[in-house]
Amino acid sequence: MPHVAGLLAEHRMEPAPPEKLLEAFRVLDPEEKGYVSKEAISKLMMEEGEPFTQEELDEMLATAVDQGSGNIPYEYYLNQLMVDTV
């Protein structure tokens, strides 16, 4: 979160609208479970598009992953992102 917030504050990265982020997570959740596994998102973030560094991935997962289930409840995570970047 601090890394992403810093990028946003420095205008080095423009945030995607919340609707687009939600749409992207829903593509990764075809069964509409409301979450994406930590493993699936880790693989995607390290191998696709502009890959995250391990440090960036660890920082994101520390905030995104529900400690009880080990999954990423994406609507809750997106709400946290929106609160932290305001």
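**Helix α3 against helix α4**

I began with the crossing of two helices in this predicted model, and I find that α3 passes α4 in a right-handed crossing. For the geometry I looked up the two axes, which belong to α3 (residues 38-47) and α4 (residues 54-64), and noted that they come within 11 Å and cross at roughly 150 degrees.

I then listed who takes part in the contact: from α3 I have Lys38, Ile41, Ser42, Met45 and Met46, and facing them from α4 I have Gln54, Leu57, Met60 and Leu61. Sorted by class, the contact of α3 with α4 is made up of six nonpolar, two polar and one charged residues.

**Ser42**

**Salt bridges**

How many salt bridges does a search of the whole structure find? I count three, and I took them one at a time.

In the entry for Arg26 and Glu75, I recorded a salt bridge whose closest N and O atoms are 3.4 Å apart. Arg26 sits in helix α2 (residues 18-27) and Glu75 in helix α5 (residues 74-84), so this pair ties together parts that lie 49 residues apart in sequence. I also checked how accessible the two partners are: Arg26 is partly exposed at 44% relative accessibility, and Glu75 is likewise partly exposed, its relative accessible area being 45%.

In the entry for Lys33 and Glu31, the closest N and O atoms of the salt bridge are 3.8 Å apart. Here I noted that Lys33 is partly exposed, with a relative accessible area of 45%, whereas Glu31, at 62% relative accessibility, counts as exposed.

In the entry for Glu47 and Lys43, I have a salt bridge with its closest N and O atoms 2.8 Å apart. This pair brought me back to helix α3, where Glu47 and Lys43 both lie, four residues apart, which is about one turn of the helix.

How values were computed. Residues are numbered from 1 along each chain as its sequence is written. This is a predicted model: local features need pLDDT of at least 70, side-chain atom pairs count only at pLDDT 80 or more; totals for chains, interfaces and linings use all residues. Side-chain values use heavy atoms; hydrogens and water are left out. Axes are lines fitted to C-alpha atoms, for helices over the stretch in contact, and angles run from 0 to 180 degrees between N-to-C directions. A crossing is left-handed if the near helix is turned anticlockwise from the far one by less than a right angle, and right-handed if clockwise. Contact means heavy atoms within 4.5 Å. Ala, Val, Leu, Ile, Met, Phe, Trp, Tyr, Cys and Pro count as nonpolar, Asp, Glu, Lys and Arg as charged, and the others, Gly among them, as polar. A salt bridge is a side-chain nitrogen of Lys or Arg within 4 Å of a carboxyl oxygen of Asp or Glu. Buried means under 20% relative accessible area, exposed over 50%, partly exposed in between (1.4 Å probe, protein chains only).
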